[in-house]
Amino acid sequence: MKAIVQSAPGGVDTLRLDVVERPIPHEGQLLVRVMAAGVNRADIVQREGHYPAPPGASPILGLEVAGIVEEVRGSSHFKVGDAVFGLVPGGAYAEYAVLDSALAMPKPERLSWVEAASLPEAWMTAWFNLVEIGRVVEGERVLIHAGASGVGAAAIQLARLLGLSVFASAGSADKMDFCRRLGAEQVYNWRDLDRFSPMVRQWGGVDLILDPVGGSYLAENIACLNPDGRLIFIGVMGGAQSALNLAQVLMKRLTLRGSTLRPQPLEVKARLAAAIVEHVLSAQASGLVNVTIDSVYPLAAVAGAHLHMESNRNLGKIMLQME
């Protein structure tokens with residue numbers, strides 16, 4: 001099969017399209033002929049050598065696919081020929097990928113291959129952090145950093161679906177407008193502010209923050225949180241080191257939590273996939289949430305897709321489509 005392989009950790013010049021062995025599914029897995037795959041920030045970090053694939057996972061990049069079932073191993077609700085999408089631990093940048101049957105979701109006819117493949121990573125991350133870890137309650141206020149990213153766009157929409165008020169950060173005027181269209185009530189341009197906490201505090205503070213930035217935002221994030229607030233880190237784009245004022249954490253009874261989806265046990269991911277089918281797909285069918293596709297690249301142009309993500313210009317998901 002054709003797949004994107006990597007000669008060594010590094011830049012986009014280390015990626016190339018090559019022919020490799022087709023993966024073999026094990027018990028409880030599906031072999032899927034990939035029609036579309038998502039590009040995620042985790043792919044870039046892995047490409048650079050800072051986020052290795054879990055033990056037993058394919059070293060090929062890519063965490064989400066949509067495609068046609070070619071082979072079924074063991075008992076499954078799916079059969080050969082079914083259209084599915086889902087989260088994989090690796091291997092999506094290829095013509096074929098292995099998908100755990102428990103994580104496979106039936107693709108609605110109304111969604112294109114690209115649209116379906118754009119959902120798993122972003123929406124499962126948003127659900128995991130807002131609902132399962134964040135324990136949000138209707139009426140609470142949340143701050144979503146990088147609101148125009150794939151995860152940010154999903155988190156804004158999910159928050160509104162759950163009855164939350166949303167403050168978002170974005171890095172340009174068009175990204176700010178994008179966040180507002182998704183349901184953010186307040187948006188600020190992080191490029192224009194050294195400190196964002198005064199604006200957020202004036203709004204009333206927030207009960208939960210979803211943050212992919214990390215170290216450089218820590219002090220401001222803590223200043224934004226209301227008593228019993230929760231700060232959930234999903235990335236360290238702004239650095240992994242920062243000073244922490246423990247007095248504020250104690251006095252406001254704050255919870256600081258790191259979160260990554262990829263290493264979660266299969267049963268956790270299966271629960272998240274079920275939530276997407278039950279809640280997100282039905283909301284999307286009703287027009288309550290939208291699929292957010294920024295751009296689509298052919299598999300051979302994966303370097304361009306990575307460079308586009310690294311430029312931070314995307315509004316929503318960057319996707320790969322098989323030719």
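Asn312 sits in the loop between helix 10 (302-310) and strand 15 (317-321); helices (H or I, at least four residues) and strands (E, at least two) are DSSP runs, numbered from the N terminus. What you have here is a predicted model, where local features need pLDDT of at least 70, side-chain atom pairs count only at pLDDT 80 or more, and totals for chains, interfaces and linings use all residues. Residues are numbered from 1 along each chain as its sequence is written, and side-chain values use heavy atoms, with hydrogens and water left out.

- Asn312 has a phi near 60°, a positive value in a residue other than glycine.
- At 30% relative accessibility, Asn312 is partly exposed (buried means under 20% relative accessible area, exposed over 50%, partly exposed in between, with a 1.4 Å probe and protein chains only).
- Asp228 also has a positive phi, near 65°, but this residue lies in strand 12 (residues 225-233).
- Asp228 is partly exposed too, with a relative accessible area of 41%.
- For context, most residues other than glycine have a negative phi.

**Nonpolar cores**

- The largest nonpolar core has 54 residues; a core is a set of buried Ala, Val, Leu, Ile, Met, Phe, Trp, Tyr and Cys residues joined through side-chain atoms within 4.5 Å.
- Trp123, Met124, Val142, Ile156 and Cys179 have the most contacts inside that core.
- Leaving out residues up to four places away in sequence, Val142 touches Val136, Ala159, Leu164, Ser165, Val166, Phe167, Trp203, Val206 and Leu208 (contact means heavy atoms within 4.5 Å).
- There's a second, separate core of 35 residues, with Ala37, Val39, Ile44 and Ile60 among them.

**The cavity**

- The count comes to 1 cavity of 30 Å³ or more; on a 1 Å grid over the protein atoms alone, a cavity is a set of points where a 1.4 Å probe fits but cannot get out, and lining residues have an atom within 4 Å of a point.
- The largest cavity has a volume of about 50 Å³, where volume is the space filled by probe spheres set on the points, and grid points are joined across faces, edges and corners.
- Its lining includes Trp123, Asn290, Thr292 and Lys317.
- Helix 4 (150-161) and helix 3 (120-133) each supply at least two lining residues, and helix 4 has the largest share, with 4.
- By class, the cavity lining has 6 nonpolar, 5 polar and 1 charged residues (Ala, Val, Leu, Ile, Met, Phe, Trp, Tyr, Cys and Pro count as nonpolar, Asp, Glu, Lys and Arg as charged, and the others, Gly among them, as polar).

**The pockets**

- The largest pocket holds about 1,100 Å³ of space; a pocket is an open set of points with protein on both sides within 12 Å along at least five of seven lines.
- Of the 48 residues lining the largest pocket, Arg41, Pro212, Ile234, Gly235 and Met237 lie nearest its centre.
- Helix 3 gives the largest share of that lining, 4 residues, and other elements supplying at least two include helix 1 (41-47), strand 9 (165-170) and strand 11 (206-211).
- The lining of the largest pocket splits into 22 nonpolar, 19 polar and 7 charged residues.
- The second largest pocket has about 520 Å³ of space.
- Out of its 30 lining residues, Gln29, Gly56, Ala57, Ser58 and Pro89 are the closest to the centre of the second largest pocket.
- Strand 6 (96-100) and helix 9 (266-285) each put at least two residues into the lining of the second largest pocket, with strand 6 giving the most, 5 residues.
- The second largest pocket is lined by 18 nonpolar, 7 polar and 5 charged residues.
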